[in-house]
Amino acid sequence: MNLKDIYIIFGVSGCGKTTLGRELSTILNIPFYDADNFHPEPNIKKMSEGIPLEDNDRAPWLQVLADRIADWSKEKGAVLACSALKQEYRDKLQSIDHRYIKWIFLEASYETILKRLEARQGHFFKKELLVSQFDTLEQPKQGICINVEQSIEKSITQIKLKLNMSKSQLGLIGLGVMGKSLSKNILSRGFSLSVYNRQVENKEVDIAKHFVDEQPNGSHVLGFDDLSSFVNSLEEPRTIMIMVNAGKPIDLVIESILPLLSKGDCLIDGGNSHYKKTLEREQLVSRLGIHFIGTGVSGGEEGALKGPSIMPGGSKEAYMRSGKFLEAIAARDKNDNSCCTYIGPGGAGHYVKMIHNGIEYGEMQLLAEIYHFLRFYGNKTPEQISDVFESWRINRKDSFLLEITADILRKKEGEEFLIDKILDKAGQKGTGGWSTVSALEIGMPLSTISEAVMARNLSGMKSERETASEIYNLKPSIAIDDEELLNTLEKAFYATSIINHAIGFDLISQASQEYQWNLNLSEIARIWTNGCIIRGHLMEQISVLFKDSDSISLLLLPEIVEILKTDITKLTDIVSIAMRAGYSLPVMSAAANYFLTYTSKQSSANMIQAQRDYFGAHTYQRIDAPLTEYFHTNWKN
Ligand code: 6PG
């Protein structure tokens with residue numbers, strides 16, 4: 001015989017069994033029964049007098065209910081509200097095949113229930129019985145658990161999702177800053193969503209559960225810390241977005257989720273992954289018939305929440321399956337079209353995001369340099385510079401980065417500007433550097449972007465910059481007539497050559513430490529003094545200079561300091577004269593910039609740190625606090 005489902009909603013008195021049960025029965029269009037109405041007369045009398053029921057009082061009552069459950073399941077099915085506090089009571093009610101009874105336990109704290117009972121009137125249950133209810137309650141072994149400290153509507157959604165009466169359209173793994181914001185975005189567009197976050201003792205505890213609790217009424221969201229239940233809660237074929245840190249964490253997630261997936265499911269990596277890794281991952285999962293999309297998601301926390309720009313790459317088939325979700329959650333352009341489009345196969349999406357970030361590096365550095373120049377050369381206050389930037393915004397040059405930089409410059413702590421307090425060492429996560437590597441691999445120029453990356457790298461050499469700044473103590477001069485121009489050019493050439501060599505040797509020296517190669521710089525210089533393309537007088541000198549001190553940068557050796565102390569101003573003169581005349585000198589100006597930054601105590605990287613903190617909460621260190629401490633500011637207040 002075909003049995004119908006019986007939904008038994010159970011928990012202590014006052015937890016909302018009747019209200020929720022009635023609501024569920026209306027939605028399912030099946031009858032609702034309250035187990036209290038099946039108590040024999042003596043039990044009702046006892047309860048109204050505040051006398052707790054004994055187990056032998058309950059036995060006939062439970063038997064009646066068990067019989068009725070068997071009858072109801074042969075009819076339309078039913079929703080039954082029943083306290084069923086002990087496991088043995090539940091066992092007695094289980095009068096039919098266990099698959100047809102859906103146990104729904106309503107969970108709430110003693111304090112919550114007490115408050116509810118105090119507010120409630122006209123019910124025969126006395127609140128004094130509550131203590132005995134909680135004492136009797138045995139945690140259920142079967143069914144689902146619903147926290148009733150949320151709205152009825154939300155509880156119903158949870159019941160439907162948990163009992164697989166409806167499955168989520170989308171899954172999201174990783175509730176960090178971006179994952180949370182993207183999840184809220186997905187929910188706000190009306191999609192049903194399952195979220196998963198791992199449990200890490202004392203670090204990531206009940207993240208998914210808390211996220212669900214924080215969502216507004218009516219949100220179709222389920223939280224999991226168990227990957228298998230998370231996967232089971234999703235509509236097939238499944239679409240799962242992975243929002244964990246790029247690198248190993250992505251591989252770990254893929255490794256653990258793959259055995260749980262079915263052919264046709266689609267994984268979307270929304271982090272800043274390297275495009276070559278994305279291609280490898282796609283090849284790995286596609287062997288199992290699973291789709292893989294590697295997508296750039298840009299816009300920081302606010303963008304993820306309100307609508308980011310999305311750059312998905314992977315197979316066309318994968319995009320046809322899951323692209324609609326991405327298009328729906330993306331920002332809109334001025335014609336109301338989605339700021340998400342299929343980019344191309346394999347790692348194309350992540351490649352495009354990488355170059356996006358490269359441009360971002362360049363724009364940020366550009367603004368940082370202008371701020372720095374105006375602050376120290378122009379002697380302007382941060383507020384005055386902010387006014388300059390604001391005037392550019394009005395003058396049809398507005399951009400997000402210009403806007404936030406103007407904001408940053410107005411931020412004060414007491415009487416002082418916060419920008420002056422931020423350590424000028426810029427952080428980075430890799431995308432700018434990857435862009436540079438890619439440009440080198442395919443033989444394309446990437447001057448501003450790679451210069452911006454190098455500016456960040458150089459900003460990191462804070463103490464060496466301080467030393468160099470003291471050693472050189474530069475006072476710039478300006479060259480004017482023709483004869484002087486030629487003399488100046490010769491010296492500028494030599495200065496550039498020294499700097500160029502120094503940069504190369506510094507990299508070798510650094511790589512030697514990094515990979516523990518124990519390289520001998522003097523020997524390398526020596527074997528380059530003849531036969532090779534870069535042989536010459538300078539190389540002869542370098543091999544000698546490095547003989548005794550090859551662990552120190554060329555630019556800090558006294559003989560080199562002697563030369564550059566005078567010649568560097570010739571280099572800067574040439575660069576400025578050339579630029580004023582409209583000629584570019586990429587290597588010379590890059591060398592001049594390198595040297596001037598290398599010898600500056602205070603760089604512009606404090607601004608980069610402020611910008612990163614403003615839009616991405618990447619935090620910064622302070623000059624007036626221990627370097628082990630990281631700070632975050634709410635820049636808008
Ligand atoms: C974006 C940003 C974002 C992130 C940067 C930070 O497009 O929303 O680029 O992805 O904030 O990757 O990069 P760095 O830490 O390298 O500055």
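Tyrosine 515 is exposed, with a relative accessible area of 52% (exposed means over 50%, buried under 20% and partly exposed in between, using a 1.4 Å probe and protein chains only). Tyrosine 515 sits in the loop between α21 (482-514) and α22 (521-527). Together with Trp517 and Leu519, Tyr515 makes a nonpolar surface patch of about 340 Å². Such patches take residues with over 30% relative accessible area and no salt bridge, nonpolar side chains being joined within 5 Å and like charges within 9 Å.

The model is predicted, so local features need pLDDT of at least 70 and side-chain atom pairs pLDDT 80 or more, while totals for chains, interfaces and linings use all residues. Residues are numbered from 1 along each chain as its sequence is written, and side-chain values use heavy atoms, without hydrogens and water.

Now to the charged pairs. A salt bridge is a side-chain nitrogen of Lys or Arg within 4 Å of a carboxyl oxygen of Asp or Glu, and the count comes to 30. Here are some of them:

| Pair | N to O distance |
|---|---|
| Lysine 276 – glutamate 441 | 3.2 Å |
| Lysine 306 – glutamate 302 | 3.1 Å |
| Lysine 421 – glutamate 416 | 3.5 Å |

Lysine 306 and glutamate 302, by contrast, both lie in helix α13 (residues 300-306), four residues apart. Helices are DSSP runs of H or I with at least four residues, and strands are runs of E with at least two. Lysine 421 is buried at 17% relative accessibility, whereas glutamate 416 is partly exposed at 44%.

Conventions: Areas by Shrake-Rupley, 256 points an atom, 1.4 Å probe, with all protein chains shown as cover.
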